[in-house]
2 protein chains.
Amino acid sequence: MSKRIVGPEIEKLIQLLAKVPGLGPRSARRAALHLLKKKEQLMGPLAGAMAEAFDKVRVCSACGNVDTSDPCMICTDPRRDGATVIVVEDVADLWALERAAAMSNVRYHVLGGTLSPLDGVGPDDLTIRQLVERVAAGGVSEIILAVNATVEGQTTAHYITDHLAGFDIKVTRLAHGVPVGGELDYLDDGTLAAALKSRTAF
Amino acid sequence: MSKRIVGPEIEKLIQLLAKVPGLGPRSARRAALHLLKKKEQLMGPLAGAMAEAFDKVRVCSACGNVDTSDPCMICTDPRRDGATVIVVEDVADLWALERAAAMSNVRYHVLGGTLSPLDGVGPDDLTIRQLVERVAAGGVSEIILAVNATVEGQTTAHYITDHLAGFDIKVTRLAHGVPVGGELDYLDDGTLAAALKSRTAF
């Protein structure tokens, strides 16, 4: 959009919307136009919700989740006793696991990324020390490493396992295998090999 | 996202983001998380830009464009004398034509939709009367009907042409033909027939 045809305020709105993941330069224009048309119903409330979230959002000092309270709703949930802690790379992974709702009594620990020497990410850039301190403080009986199945994820998992070796806790990781609903024909060799190796009784 | 795991402010932000075109429920969560992480760099400025646009945006009383001034930047541009007016269905079409920058001295008239008896949209729901008044006020020598090539768009174009019949002005419409960069094999019969009929000297 050239400067000539809309005011600088709309221009700026489009530029900022284009930085939201899921929106590109083209869809940002469409989104901006929709917001301008639905001023009262959508743009006003959305601006308010963002301003409110901006004021209230905190990073949980216990687990690294983002929420409007610190400690977050998960850490303060009385049904979660903290005996099982799932270690994730990112808040998005935490939310994904919660949506799956497979384990209701767990707490989390957000690493903030993975070890990646090439990108200059070392142990001190992640919350590994805090994880070890959390375990040292007691009450944890199992750590589930739910990092991504990438080289960096697995390297990080190994690093964490080494640093938790001195504690009397179980350290587990997510199972590898065929995704539910997945078709064998489309799966890579590594996944098929892992699924065969970890086959279970039918 | 169930209520249990994030505060109501974040919940509300996700719900409102999901109403933005281009974002669905899943990408709204991803967008919200990105905004929460980039609080200072993105969420704050975006909330501010929306609040500012909310306060300042007007619909241009002359042409129906949205802008922060009324009349809009296009209607007040001294290089545009108003002799040629392009009639479009929607502000998005106006912006698209401006981006194409094929004609630099035109003004616009936004209809606000197309005639659609089935949806209860009649002539009074569009700005057809205002268009006729604009032409009657003088200074217009050509009206270009740049409505969509749909049944509703063409019906609306015919209706407008009838109401402008009494004035000594040219009424034109966009050419039909092969899109630039388009492959004949993928085009529909109607477009190919129109392109053949309107063939030009090479």
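Good morning. The structure is a predicted model, in which local features need pLDDT of at least 70, side-chain atom pairs count only at pLDDT 80 or more, and totals for chains, interfaces and linings use all residues. Residues are numbered from 1 along each chain as its sequence is written, chains are lettered from A and ligands numbered from 1 in the order in which they are written, and side-chain values use heavy atoms, with hydrogens and water left out.

Let me begin with confidence. pLDDT is the predictor's confidence in each residue, from 0 to 100. Chain A has a mean pLDDT of 90, and 98% of its residues reach 70 or more. Which elements of chain A have the lowest and the highest mean pLDDT? Helix α7 (residues 189-197) has the lowest, 87, and strand β4 (residues 107-110) the highest, 96. Helices (H or I, at least four residues) and strands (E, at least two) are DSSP runs, numbered from the N terminus. For the complex, the predictor gives an ipTM of 0.79 and a pTM of 0.78.

I turn now to two helices of chain A. The axes of α2 (residues 25-37) and α3 (residues 39-56) come within 6 Å and cross at roughly 110°. Axes here are lines fitted to C-alpha atoms, for helices over the stretch in contact, and angles run from 0 to 180 degrees between N-to-C directions.

In chain B, the axes of α2 (residues 25-37) and α3 (residues 39-56) come within 6 Å and cross at roughly 110°.

Next, the aromatic rings. What lies over the ring of B:Phe54? The charged end of A:Lys39 sits there, 5.0 Å from the ring centre. Likewise, B:Lys39 lies over the face of A:Phe54, at 5.0 Å from the ring centre. A charge sits over a ring if NZ of Lys or CZ of Arg is within 6 Å of the ring centre and within 35 degrees of the ring normal.

Finally, the backbone. Most residues other than glycine have a negative phi, and most peptide bonds are trans. The bond from A:Asp70 to A:Pro71, however, is cis, with omega near 0°, and A:Pro71 is found in the loop between β2 (66-67) and β3 (84-88) of chain A. The bond from B:Asp70 to B:Pro71 is also cis. A:Ala101 has a positive phi of about 55° although it is not a glycine; its place is in the loop between α4 (91-100) and β4 of chain A.
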